[in-house]
Amino acid sequence: MAGSPTVCPTLLYNDAKAAVRLLTEAFGFTRVAVYEADDGTVMHAELAYGTGVVMLGSKGRGGVFDTAMGDAGPTGVYVVVEDVDAHHKRAVEHGVEILMEPTDQEYGSRDYMARDGEGNIWSFGTYAPAV
């Protein structure tokens, strides 16, 4: 398990292909794996940022997780980034909806907040929880 994240947020999207594009192009995630069905449905995708991984797939594909999630959402994900302002600039250049501009927090972090095309909230900041 060394080198592998032990917590991986998992999200379902109506348009998982658009989510993969947004997360890679606007937020700088790297495609690790994307598995599609013959009809183009994203069955499973893994996108990495630093040492973290987000897993996602298409809603409505069936299975226990898809059924359990139902029409759940939105969810929130926090991602540690080194340069909040540069990360924010990239997101803005890709037309991402920004909910909070880069802001210095009282606890020492610098953060900004954005919403993806399906309503999930993505926060990016310098605060890195100790493990």
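Select Phe124 to begin: this residue is buried, with a relative accessible area of 0%. Here "buried" means under 20% relative accessible area, "exposed" over 50%, and "partly exposed" in between, for a 1.4 Å probe and protein chains only. The model is predicted, so local features need pLDDT of at least 70 and side-chain atom pairs count only at pLDDT 80 or more, while totals for chains, interfaces and linings use all residues. Residues are numbered from 1 along each chain as its sequence is written, and side-chain values use heavy atoms, with hydrogens and water left out.

**The aromatic rings**

A pair of aromatic rings is described by the distance of the centres and the angle of the planes. Rings of Phe, Tyr and Trp (its six-membered ring) pair if their centres lie within 6.5 Å; planes under 30 degrees apart count as stacked, over 60 as edge-to-face and the rest as tilted. By this rule there are seven aromatic pairs.

Next, select Phe27 and Trp122. Their ring centres are 6.1 Å apart and their planes stand at 45°, so the pair is tilted. This pair links distant parts of the chain, 95 residues apart: Phe27 lies in the loop between helix H1 (16-26) and strand E2 (30-36), and Trp122 in strand E8 (residues 121-125). Helices (H or I, at least four residues) and strands (E, at least two) are DSSP runs, numbered from the N terminus. Phe27 is buried at 0% relative accessible area, and Trp122 is buried at 0% as well.

With Trp122 it forms a stacked pair, 6.5 Å centre to centre and 15° between the planes. To display the cluster linked by ring pairs, select Phe27, Phe29, Tyr49, Tyr112, Trp122 and Phe124.

**The largest pocket**

Now turn to the largest pocket, with a volume of about 640 Å³. A pocket is an open set of points on a 1 Å grid over the protein atoms alone, where a 1.4 Å probe fits, with protein on both sides within 12 Å along at least five of seven lines; lining residues have an atom within 4 Å of a point. The volume is the space filled by probe spheres set on the points, which are joined across faces, edges and corners.

Of the 18 lining residues, select those closest to the centre: Val7, Thr51, Gly52, Tyr78 and Val80. Strand E5 gives the most to the lining, with four residues.

Finally, select Tyr78, found in strand E5 (residues 76-80). Tyr78 is partly exposed, with a relative accessible area of 33%.
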